[in-house]
Amino acid sequence: MTRGGEVVGELAVDPVRGRVYAEGWQSWSPATWSPVTASPRRPEHHWQHLMRFRPGTPVHREAFQGEGLLVVDPGTGDPAHCYRAAAGRHDVPTVHAVLEHDRVVVRATGDVATTEHVDGGEAALAAYGDELAAARGPLPSGAPPTVWCSWYRYFEEVTADDVRDNLHAIESHDLPVDVVQVDDGWSAGLGEGLLPSARFGSLVGLVEEIRSTGRRAGLWAAPFLVGVETTLARDHADWLVGPAGRNWGQALAGLDLTHPGVQELLVDALGRLTALGIDYLKLDFLYGGAVPGRRHDDVDGVTAYRRGLELVRDAVGPHVYLVGCGAPLLPSVGLVDAMRVSPDTFHEGGEDGSTGLRGLMPMAARAWQHGRLWVNDPDCVVARPTYAHRERWAALAREYGGLRSFSDRVAELDGSGLAIVRRLLADTVDAGTPFPLERIRSGAEVAQREVTR
């Protein structure tokens with residue numbers, strides 16, 4: 001095979017003004033506009049390839065790499081060219097673009113459709129989003145739910161009492177929060193049946209109390225992978241597909257979403273949770289369902305992933321709001337209500353903002369997806385006084401994101417922090433209205449500045 005596949009295009013470019021948009025594989029993957037002369041982003045370690053790029057697909061050192069979508073805007077005044085997977089199909093070819101002298105050569109590993117756009121690269125993205133939206137059907141109109149989330153204050157140490165404390169503070173400050181979401185830390189662990197841990201406290205009682213205030217109860221789950229040291233992995237080795245990185249102190253493996261035993265497990269576990277009254281689910285680490293490997297059914301990872309997410313959607317019903325995270329993007333279209341379009345705001349150890357705005361580049365670059373594919377989730381705003389970027393992050397999340405969520409202990413917010421949260425929760429967007437082209441263009445400029453900074 002030629003480097004990156006067969007040649008599907010070749011464009012003369014201005015080396016100063018020419019640029020490329022390369023869509024990443026999943027929520028946490030790099031996605032941005034880059035000058036044609038920039039160095040492409042690539043993983044430095046194997047675990048990064050598994051957890052941030054496309055497992056099983058080589059990342060070429062000299063090529064911009066898009067998973068199912070790549071746009072070249074030549075900067076010469078000629079039309080931008082969009083190379084993308086066809087709407088209505090769920091195979092995701094890898095597309096590469098390499099600068100060779102004054103030309104960009106585009107190669108693809110499978111069938112791609114090519115279109116030209118005289119209004120520029122952002123118009124190409126918007127047009128592709130419109131095409132995907134037409135194949136999927138219209139999104140519901142109205143404001144997405146507003147969310148308080150436990151993660152960035154309590155991490156895996158969250159308890160029912162912690163959530164209850166914030167529920168009462170939300171009430172006392174009259175904050176317009178629709179969903180109180182318990183993130184990672186409530187369960188006994190991946191591969192342990194999605195059961196609450198004794199340390200957390202009563203999930204049943206907490207859900208009842210949240211719902212008694214007129215709010216929705218939200219919950220985090222990572223249903224498509226498990227730790228290799230868990231009960232499920234030991235008892236059902238044939239349910240595992242292949243490596244999916246490392247977290248929670250152990251190696252991870254993807255689950256075989258075509259296996260009847262896995263399917264039964266998912267339906268039972270999700271049914272049990274939704275029966276409690278939980279009607280908002282953040283589904284995390286979803287890329288695990290698409291990792292390469294042998295499966296019960298002889299299908300590729302994308303097909304298996306799509307089947308698994310369809311199973312989840314059917315199991316929980318249309319009334320449950322699904323947020324995808326760490327999810328393969330194009331294969332998820334039509335099956336989630338909202339999608340994380342960036343990596344985490346910060347990890348443990350970066351709570352002061354010293355690691356910068358980690359999610360800004362892909363969040364801004366992916367503005368074209370909001371209202372077309374789903375509601376864009378920019379990740380939670382952090383408004384506590386100790387977070388150096390709180391004002392800027394909140395403003396950018398309002399500008400380029402769709403879902404409004406924050407993750408602080410409400411009692412620890414100062415006056416400025418409470419004001420940030422109130423502005424965030426009040427400044428809602430319509431779930432089914434795409435961002436205008438002007439906002440998509442400004443997002444592209446923000447994202448490209450992050451590349452060249």
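Contact here means heavy atoms within 4.5 Å. With that in hand, the model can be read; it is a predicted one.

Start at Gln26. This residue sits in a loop, between strand E2 (19-22) and strand E3 (32-35). Its relative accessibility is 0%, so Gln26 counts as buried. Leave aside the neighbours within four places in sequence, and Gln26 is in contact with Met51, Arg52, Tyr287, Gly326, Ala327, Pro328, Leu329 and Arg366. The side chain of Gln26 also has a polar atom that lies 2.9 Å from the backbone nitrogen of Trp28.

Two names on that list, Met51 and Tyr287, lead on to the next stop. Both of them also touch Ala244. Ala244 belongs to strand E14, which covers residues 240-247. Is Ala244 buried or exposed? Buried means under 20% relative accessible area. Ala244 has a relative accessibility of 0%, and therefore counts as buried. Glu62 gives another reference point. Ala244 and Glu62 are 182 residues apart in sequence, and their C-alpha atoms are 25 Å apart in space.

Now turn to a pair of helices. Two packed helices are described by the angle between their axes and by the distance between the axes. Helix H7 spans residues 260-275, and helix H8 spans residues 301-316. Their axes come within 9 Å and cross at roughly 35°. The crossing of H7 and H8 is right-handed. Which residues of H7 and H8 make the contact? H7 supplies Gln263, Leu266, Val267, Leu270 and Thr274. H8 supplies Leu311, Val312, Ala315 and Val316. Sorted by class, the contact of H7 with H8 has 7 nonpolar and 2 polar residues, and no charged ones.

The last stop is a sheet. Four strands make up this open sheet, in the order E1-E8-E7-E4, and their pairing is antiparallel. Strand E1 (6-12) and strand E4 (64-67) are the edge strands, each pairing on one side only. From one strand to the next, the twist averages 20°. Look at the E4 end of the sheet. There, 4 bridges join E4 to strand E7 (residues 94-100), and the two run antiparallel. Within this pairing, Glu67 stands opposite Thr94 in E7.

Key
Residues are numbered from 1 along each chain as its sequence is written. This is a predicted model: local features need pLDDT of at least 70, side-chain atom pairs count only at pLDDT 80 or more; totals for chains, interfaces and linings use all residues. Side-chain values use heavy atoms; hydrogens and water are left out. Buried means under 20% relative accessible area, exposed over 50%, partly exposed in between (1.4 Å probe, protein chains only). A polar contact is a pair of N or O atoms within 3.5 Å; within protein, one must be able to donate a hydrogen and the other to accept it, and residues adjacent in sequence count only if both atoms are side-chain atoms. Axes are lines fitted to C-alpha atoms, for helices over the stretch in contact, and angles run from 0 to 180 degrees between N-to-C directions. A crossing is left-handed if the near helix is turned anticlockwise from the far one by less than a right angle, and right-handed if clockwise. Ala, Val, Leu, Ile, Met, Phe, Trp, Tyr, Cys and Pro count as nonpolar, Asp, Glu, Lys and Arg as charged, and the others, Gly among them, as polar. Two strands pair if DSSP finds at least two bridges between them.
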